[in-house]
Every structure is written in C-alpha cells, then in structure tokens.
Amino acid sequence: TAPGPRSYTTLRDEAVKLFNSLQQLESERDPVPLMQGVLQTCLDLPPLVDEIYCQLVKQTTEPPAPGGQGDLHYWQLLTCMSCTFLPSPPVLRFLRFHLDRTESRFPASEMAKYACFIREALGKTKGRECVPSLEEILVLMQRQEMICTVHCPGAPACSVAISSHTTAEEVARELVSRLGLSQSPNLFALYEQSRRREQPVGSATLLADVLTRFE
C-alpha cells in the first residue's frame, strides 16, 4: 500500500532517523520500501530534502567499494530523489559538481550511468504530489521507464512508456496520434477511474503521481 499519514517529531530527530535509515540502506536486501519511506519523509518535511541530498553525496564520495551493492543502493536512492525533489540552488550546484566528478573518475561505470541519468532528471523535475510508487522505484533503480496502460473507448487498450516527468497532456497527445485522430476537431483528455468515481486528469498532472495513488 502507499504510505499513509505519519506523525513526526522535531526536524532534528527526523534527520537523525533518516541518517540511520541511510546507514541501513547499504546492507538492505530489499531497499525499495526503505527508499520509499525516506522519500515520504522528505515530501512531508521539505526542509529535510537538502539534508538527504547532502548525505547521499557524502555516502557516494570515496565509498569503500565503488560500484558495490551498498554504493549502488545510495545511487539508486539519489536517482529517486532527483525524480521527486529539487534541492536548493547551493545544494544543486554541489550535487552537479559531484555528478561531473563521478563521471570523470569512473567513466562507463554504473555510477557514471546513474550520474548521467540524475543530471537529466534534475533538468525536468518540478516537484511531485506523491512519492514514487514501489513500481516506479523499481524501474528507476534500473534507469528505465514505466509502462502505463490506457483504456480507449472503441479501441484496444494502449500501452505507453512514461517517465517520472510525463504529463497527462503528453500521453493524450501520443494516443491521439496513434489512433489517427490528429485531424479530429474534438478535444481529448485522460480520465482516472476508480470504483467510486471517474474524473478527468489535469493536463499538467504527472502520470506517475496518478499511478502512485492507484497503488
């Protein structure tokens, strides 16, 4: 299930808890729930976003085993952070320097590939309503896209590849083109349907947020 409402203590205490979670992440066999928990805390407590970015940069600088499982877990969480939150300008500059340095020191490595992915994500991220779903975290860990199934009236369901930054308008535009409706005078939109209601999805809404709500 998606993370529900949480109760928090002071920012200082929560920062300590997050630091402990990061330490645990290094040896975690299934890091996905832990990653989602860190992301949820950052969403609920925005002042901690910069703190986590700085901690992750520290953990991925001069690691004991570059490219090892523990090191890659940190890079994977950094990837998820970059698709969810923008750090403050000073931290963003610090992060970009770290990404450049990693690509220079470890060319063609997994760390360099994550660094490249993160840099591109930071250029697109504008903030999220929801933290990434468990499925989204899994695909981000592989630097891949999600497959979203859209049911179209009078046509077969369509599978669309989306990223953490894909909007409902972009998907609707792609489907209109696929279905040969580009010359139609009608307006098209995506709808979100649950057992209780059906509602249009705002054109600027991120599809990844919609999928998290479904999860």
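Predicted model: local features only at pLDDT ≥ 70, side-chain atom pairs only at ≥ 80, totals over all residues.
I began with R143, which is partly exposed at a relative accessible area of 24%. My cut-offs: buried is under 20% relative accessible area, exposed is over 50%, and partly exposed lies in between (1.4 Å probe, protein chains only). R143 sits in the loop between α7 and β1, and its phi is positive, about 55°, although it is not a glycine.

Residues are numbered from 1 along each chain as its sequence is written, and side-chain values use heavy atoms, with hydrogens and water left out.

A108 also turned up, with a positive phi near 70° in a residue other than glycine. I found A108 in the loop between α5 and α6, and it counts as exposed at 73% relative accessibility. For the element names I use DSSP runs numbered from the N terminus: helices are H or I with at least four residues, strands are E with at least two.

**The cores**

Next I looked up the nonpolar cores, meaning sets of buried Ala, Val, Leu, Ile, Met, Phe, Trp, Tyr and Cys residues joined through side-chain atoms within 4.5 Å. The largest has 40 residues, and L39, I52, Y53, L56, W75, L77 and M81 have the most contacts inside it. Helices giving two or more residues to this core include α1 (11-25), α3 (48-59) and α7 (134-141). Its largest share, 7 residues, comes from α4.

I then followed W75. Leaving out residues up to four places away in sequence, W75 touches T60, H98, L99, T102, M111, Y114, A115 and I118; contact here means heavy atoms within 4.5 Å. There is also a second, separate core of 17 residues, with C152, V171, A208 and V210 among them.

**Helix α4**

How many of the residues of α4 are buried? I get 13 of its 14, so this helix is mostly covered. I checked its length too: at 1.5 Å a residue the 14 residues should span 20 Å, and the end C-alpha atoms are 20 Å apart, which agrees. The expected span is 1.5 Å times one less than the number of residues.

**Cysteines**

I counted 0 disulfides, taking a disulfide as a pair of cysteine sulfur atoms within 2.5 Å. C80 is buried at 0% relative accessibility, and its sulfur is 7.1 Å from the closest cysteine sulfur, in C83, so that is too far for a bond. C54 is partly exposed at 30%; the closest cysteine sulfur to its own is 11 Å away in C42, again too far.

**Strands and the annotated domain**

β1 (residues 146-150) pairs with β2 in the antiparallel sense over 5 bridges; I call two strands paired if DSSP finds at least two bridges between them. V150 has C158 in β2 as its bridge partner. β2 (residues 158-162) has C158, V160 and I162 on its covered face, and S159 and A161 on the uncovered one.

Last, I opened the record: UniProt lists residues 146-215 as "domain: FERM" in an unreviewed entry. Over residues 146-215 I find 27% helix and 23% strand, with the end C-alpha atoms 14 Å apart.

Notes:
UniProt positions renumbered as here; feature names shortened; annotations may be inferred.
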